[in-house]
Amino acid sequence: MMDIKRVISTIEKEYIKNNLEKGNRIDGRDLWEYREFDIKTDTIAAAEGSADVSLGDTRILTGVKYDIGEPYPDTPDDGVCTIMAELLPLASPLFEGGPPDQQSIELARVVDRGIRHADCVQTKKLCIKEEKAVYIIFVDMYVINHGGNMIDCGGISALSSLISSHIPKGKWTEDGPEWTGEYFSGDEIINELPIPVTFGKIEDNLFLDPCLPEQLVSEGRITISVTKDNITSIQKSGTTTFTTEQVRMLSNKAFEIADDLREKLDLWQYKSKQE
Amino acid sequence: MTLLIQDKYPEKLFREDGKRLDGRDKDDLRNIKMEVGVIKNADGSAYIEWGNNKIFASVYGPREVHPHHLAKPDKGILRVFYRMTTYSVFDRKRPAPGRREKEISMIIADCLEPVLFLELYPGTSFEIFIEVVDADGGTRCASTTVAALALADAGVPMRSLVTSCAVGKIDGQLVTDLSGIEDKAGEADLPVAMTWFNDELSLLQFDGKVNKDEFNEFLEMAEEALGQVYQIQLDALKRKYQQIRDNVQEEGGDPEE
């Protein structure tokens, strides 16, 4: 496989492109095929939920933590779920340390928007007392190795960590919030599973799940997050342009691909066991 | 943070049967597992599970120094970034690195530098990134140990490996390798590291209160524990090459060639 560089040589770019034109990928995949997902959950003892998800060479470790805080005034009985991403300099020579940059913010926001606009996180159940106490759920994604298409890996990682979570249940008393002695199971706080599906574009060639060399030579990509019946977010990224016909075709494909993936990965199997 | 379950410290750190809360004897280490080459993009990398601690380390270098003014004309520089994920601890940690992380980064860099030949790499830098993803006491020792392993995996010339471990005092007794609870509720903690090319201590910090005799015993216990951890470190490194050898043999090649 190719080395990771900021600039890819013309000859490597031509090689990737010529293969795509013939319907081939440099890693032997079909145009509309994902790399293998590998999912492990509940790997972090200190976290209330966690998932270690690999998509090919891309690996993201996500943890769930919670806090009890006051709700926003306009949504007095809704809990809050925030998603953060860190592109660790450990994971790639392309990443630099320091405060979150555009790339990591985009990753967090695209995953977040996919989840937010679906009927996914059950924010009403994450309320302990209206106007007084709601849960703030933190889903923090850390990229351990960057092998391309972090968004789809991050999306599955965020969902798996929430499904595997065991957040203590609270009740309201005169002294404030108190633990009931029970925990939320994953299917109590999560309902729909929105899946982000990312397509790369190199000249007029469209394909699913760009690996790193493909991502480095592509002019852009489009991520379409879908639930069973709805599109919940779209992000076109990079300097490329798409025809409306291409967007229509890709959104139809996204539903198909996400349905297959939902069935194949069977994320509900990672549901936390009640103790 | 307002949490529904509080992080409690037990009153006693020994059980009725004289064992520690996790079932260990006084001079037992926790279970330690190490593996090298876990991060493909890095020049060298390693992963350690030390009890409940889970830590990744990756090494990049020698490479160009950013920002450029940090470069030294007569030798390379070593920079260490010890960081913890927000979910690695009981109370969610703020994402930005704090004072503790910066201090530990410096301590680890100073500890590892003696084994490197930085004078051979003028104008360049080696960077070690350490990410603690699950923390349960003794992360600086585990981090130092795994960082040394990642350097070796990167093929960086080294005088020797570096191994680190802590000894401490809990409920008035001296013990090896404090767990998170023992560290918080105990009386003393002495993390040390040894550079094996000269058998000297390269990391040494102490917090707590012990008398002269206890301190001497500490050093003996530490030497014993360091030897055990060193062996696990060596095994992890050898396993990688054994694996390559096995793969070659499976393909019908002669590994001696």
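In chain B, B:Lys54 has B:Asp134 of strand E5(B) as its bridge partner. The model is predicted; local features need pLDDT of at least 70, side-chain atom pairs count only at pLDDT 80 or more, and totals for chains, interfaces and linings use all residues. Residues are numbered from 1 along each chain as its sequence is written, and chains are lettered from A in the order in which they are written.

Strands E3 (residues 53–64) and E5 (residues 124–134) of chain B pair in the antiparallel sense over nine bridges. Strands are DSSP runs of at least two residues (E), helices of at least four (H or I), numbered from the N terminus. Pairing requires at least two DSSP bridges between two strands. Five strands of chain B form an open, mixed sheet in the order E1-E2-E3-E5-E4.

Helices H2 (residues 139–153) and H4 (residues 212–250) of chain B cross at roughly 30°, and their axes come within 11 Å. Axes are lines fitted to C-alpha atoms, for helices over the stretch in contact; angles run from 0 to 180 degrees between N-to-C directions. H2(B) is therefore roughly parallel to H4(B) (angles under 35 degrees). On the H2(B) side, B:Thr145, B:Leu149 and B:Ala152 make the contact. Contact means C-beta atoms, placed from the backbone, within 7 Å.

Between the chains, the contact takes 34 residues from chain A and 27 residues from chain B. Strand E3(A) gives the most to the side of chain A that touches chain B, with seven residues.

Note on methods: Parallel < 35°, antiparallel > 145°, perpendicular 65-115°, else oblique. Contact = placed C-beta atoms within 7 Å.
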